[in-house]
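Student: Could we go through this model together, with the cut-offs stated as each term comes up?

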Amino acid sequence: MPVEAYLRNLRSVQLRLFVETAETGKLSVAAKSCNMTTPGASRILADLEKNLGLALFERSPLGMQLTKSGAMILKDAKKIVRDIDSFSKNVSNFRNGYTGKLKIGAVTGAALSFVLPAISQIKKSRPLLDISLDVGSSDKLMKGILRAEYDFAFARLKPDDYSAGLKFTRIIGENLNFVVGVNNEFYSEPDVKLSDLVKQMWAVQGIGSPLRVTIEEVLEKENLEIPENLIQTDSVMALLHLLINTNVVAILTDEVVDLFRASGILDKLRVLNTGVVPKVVPYYLVMPDFPMDNPLVDDFLEIIKTIERFPDVST
């Protein structure tokens, strides 16, 4: 048989035996490591040498010593054995759910309330999971899931977001809150009129986002317009910085306010009583409406359902 054909059909145990023998210098030790008898190991090495046309070892009462030919191929043999071991480990880990990739998109409220707690929980038992979380506006998330950038996303929907090929599960609706820091003149006021508040600098999401649309609709009912002095941002960290360091009025969902309250941050902020409680459209779990190739998705969503802040859902 030509050497090339023989090598293409070479069994991994033959290479492993060669490497073990080269490293230990003892055929009996190498045979035991490869779960075979010493006579069987001797026949395998002899067959390897015969088909390669090379003497790989010098045999003596002191053990097995590599020849120049054996030393020449040892490096490649070791690499192949390592690659086979790595392949075997990766397959085993993936089958058992220990490794793999999960790509998640979420609006801020969902990310803070149950996506991040679920990530913390699953990483305790599966520390090798590669999880990416993209927190952003619903517009960005919907574009991302249509481009298959996420396995699933938690996003608020506009009427034109109900695309074929996607499955939607309603999660929860929320109230919006007008929040200020100590630098705002209304910080100590028990009640504030919206007509006075629109004269302030505001921080809201971009045009067309569900939160922005909700605020614009509320203001329109009050015959008011959104302030011209405006900062558009989706970032909670940016909003927090602005609240602490400027007189901005930030529009925050209940879930973000609850997070600030739990962390003690809300002690330095104030939720204003305007007599108006805007109710933003609910967000949905959005995912492809076809069988997923990623078995981690179902596992992760089951963990999310156990998180205390995750609400009962209906499709």
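Predicted model: local features only at pLDDT ≥ 70, side-chain atom pairs only at ≥ 80, totals over all residues.

Tutor: Residues are numbered from 1 along each chain as its sequence is written, and side-chain values use heavy atoms, with hydrogens and water left out.

Student: Are the planes of Phe152 and Phe154 stacked, tilted or edge-to-face?

Tutor: Rings of Phe, Tyr and Trp (its six-membered ring) pair if their centres lie within 6.5 Å, and planes under 30 degrees apart count as stacked, over 60 as edge-to-face and the rest as tilted. The count by this rule is six aromatic pairs. For Phe152 and Phe154 the centres are 6.0 Å apart and the planes stand at 85°, so the pair is edge-to-face.

Student: Which ring does the charged end of Arg270 sit over?

Tutor: A charge sits over a ring if NZ of Lys or CZ of Arg is within 6 Å of the ring centre and within 35 degrees of the ring normal. The charged end of Arg270 is 4.7 Å from the centre of the ring it sits over, that of Tyr187.

Student: At what angle do helix H6 and helix H11 pack?

Tutor: Helices (H or I, at least four residues) are DSSP runs, numbered from the N terminus, and axes are lines fitted to C-alpha atoms over the stretch in contact, with angles from 0 to 180 degrees between N-to-C directions. Helix H6 (residues 108–125) and helix H11 (residues 254–263) have their axes 8 Å apart and pack at an angle of about 50°.

Conventions:
Helix = DSSP H or I, 4+ residues; strand = E, 2+ residues; numbered from the N terminus.
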